Every structure is written in C-alpha cells, then in structure tokens.
Amino acid sequence: MSAVPTRNVPLARYTTLGLGGPAAAFVTARSTDELVAAVVAADAAGDPLLVLGGGSNLVVSDAGFPGTVVHVASEGIDLRAGANGTVRVRASAGVEWDALVARCVAEGLSGVECLSGIPGRVGSTPIQNVGAYGQDVSETVVEVLVHDRAAGAMRVLGNADCAFSYRDSAFKGTDRYVVCEVVFELTRSDLSRPVRYAELARTLGVEPGGRVPLADARAAVLRLRRGKGMVLDPADPDTRSAGSFFTNPLLDPDAFTELRKRVAERLGPDVEPPGYPEPDGRVKTSAAWLIDRAGFAKGHGTGPARISSKHTLALTNPGGASTADLLALAREVRAGVAEAFGVTLVNEPVMVGVALDG
C-alpha cells in the first residue's frame, strides 16, 4: 500500500538549486515496495509522474509539477562476495550516493572512490551514468532492478541492457523505467583503481595510471570538488546548484577542426582547445573551457542567478533567483559559446516543465 499523498508541496525544498514550484501531489516512498506501489497508484489514476531522489540533477519549473511526485527515500545496502575477489554491493535507490561511496572505501572496496562527494541518491546514478575524475558508474554497475511501467512488472537489466554512454543510458529521456535498486561489482583492495584523470593524479602526486590508498583517493577528490563548490555546503552559496550544468561536447572530427579554426581566429594561432579522443572517433572538449574563453567569467550574472565563483560549469542560485532567472543565464551562456565557437552546449540536469529551447 502506498502512502497518502500530500498536496501542493514546494519542490524547492527538495532540489539542490532551491528552485521549483509546488507538486500537485507528493508521496515519500521508504522502501522498494512503497516506491512501486506509489508509481502504480499514480499510473492507475492517470497522473503525470515525477520520481525524485536527491534533487541534485533537476531544474524544476516555477509552476511546479501538475501530477504526483514520488520522493525516493528507500534504504538498504547489502554486500555479498562475488568471484575473483569481487564484492557485489546492492543498494536501494534512496540511499545517499556519497554515503555508499564512503562505506565502500571503509570496507576496502575499489571502483567508486573517485565518485566521492557527488550529491544525490543511488537510483539516479545509472540514469545519468554518473561520472567524475576518470570513473563512471557504468564500469561497476552489473544489474539494475527496475519497475517497468509499460509492462507493469519488475525487471532486472544487466549492464549491456542499460546502454551506457557518456552521461547517458537507456533510462534517460524515457519515463518507462523506475530504478528501484542497483547492484555494483567492486574489487576487494586497499588501493584505488588506476588514476586516469590528470588533475587528480597531480593532486595525489602520482603518474596517470598509478594507484593510491582508497582513503587518499577519496580525500583528494573531496578536496578538489570542494574547491569547485561541488560538495553540498549550506554555508556556501556556490553549492546551491545542479552541479555541472552543461555536458562536455563530443564533436566529430570535422566539427573539432572547425572549433580549432574558430579558437585560432578568436584567441590566437597558438591557442588550442582541449581535445580528448573517444573510442568512436569523436573528440571530447571542455565545456568549462569554452564558457570561460567565450567571456563568461566565474561569478558572471546580470540577474539573481550566477555562474559559480569557483567553477564556470556550475550555474547557481545564491538566493532570490527563480527557475526563469537560471534559464535566462543558461541561455545567455549557451548562445555566447555558440556565437564564439560554433558549439551548442547541452544541459546535463533533467528539465521538468521547462526547456532551454523555447
């Protein structure tokens, strides 16, 4: 049985941006059974549905949400030995992500240590293929237990079924699946996985590909994230954000050649944009670099919403902003980068009742 919904609950209370109007109906699900029951009840009533975790990757309309919001607060972590020194970690969707990472590090389980400090809950991680500092959850997710709304049944999806790619998955852009539990396969080790991210390697004093104690990797990632305002802190207005607002562009070779040309024309022939070859032949470049070189400095903003004073990739609500204010800033930045470099940035947070286009 699902809980009785509460009416007209302000969603700003449940998003890290502190933005969003009221939900017509709001239900808190404290177990997988309650989560499924609440979804089934909303579907039976014909209500629009929004499944809400930690609210760290959402931009919600000032008008709110006209249907049922199910707030996922399910708890439960189970560790079981796997093959070849691995451990399978099953976590309910409502478990706080960083709490799970902290436990894995404390247990001597390697594979998610570089994902420390990321706000949100476990259920959102496979949807976004959450990643940072050279790790993605796609590398460790082995199963996702979902409620398939189209079939009206529970399903277990393996890693291949999730269709993971850069900040994307089979769950993103569709409301068919409700993530209920996620199983990660980690390695029993006191050392991190090879450190692939150059900035993190420098911070740790190792060469890329080196390994360090798990606790050292976690501590270094947390320091780096705090320095960029990417660890939630009520005393720091820069953390009132949805994290990175734009994804790093993936460009085909011709588009990257055009970017290099535009950069040379604007910034000088000796300036090269960041370029990281991808296995599919495309080149990943840096959204933060493009924003900065297009003239948008840290702290920029003509209204209540601001670019973070610590990181150009985060758009913030220091206080008093509306969702409309935030979107106006996002459109200004996106248009400026497109004009300067011919690259159209894509938002990373999920938009609810709003869009950058239109």
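In which sense do β3 and strand β5 (residues 65–72) pair, and over how many bridges? In this predicted model, the two strands pair in the parallel sense, and 4 bridges connect them. Select Leu50 next: Val69 in β5 stands opposite Leu50.

Now widen the selection to the whole sheet. It is an open sheet of 4 strands, ordered β1-β2-β5-β3, with mixed pairing. At its edges lie β1 (6–10) and β3 (49–52), each of which pairs on one side only. On average, neighbouring strands of this sheet are turned by 40° against each other, direction ignored.

Next, select helix α1, residues 32–45. Buried residues in α1 include Thr32, Leu35, Val36 and Ala42. Just after the helix, Gly46 has a positive phi of about 75°.

Proceed to strand β7, residues 86–92. Of its 7 residues, 5 are buried, so the strand is largely enclosed by the rest of the structure.

Two pairings of β7 can then be inspected in turn:

- Select β6 (residues 77–81), which pairs with β7 in the antiparallel sense over 5 bridges. Arg80 has Arg88 in β7 as its bridge partner. The two strands form a hairpin with 4 residues between them, and Asn84 in the turn has a positive phi of about 55°.
- Select β13 (residues 177–188), which runs antiparallel to β7 and is joined to it by 7 bridges. Here the bridge partner of Val87 is Leu186 in β13.

Note on methods: Residues are numbered from 1 along each chain as its sequence is written. This is a predicted model: local features need pLDDT of at least 70, side-chain atom pairs count only at pLDDT 80 or more; totals for chains, interfaces and linings use all residues. Side-chain values use heavy atoms; hydrogens and water are left out. Buried means under 20% relative accessible area, exposed over 50%, partly exposed in between (1.4 Å probe, protein chains only). Two strands pair if DSSP finds at least two bridges between them. The expected span of a helix is 1.5 Å times one less than its number of residues. Axes are lines fitted to C-alpha atoms, for helices over the stretch in contact, and angles run from 0 to 180 degrees between N-to-C directions.
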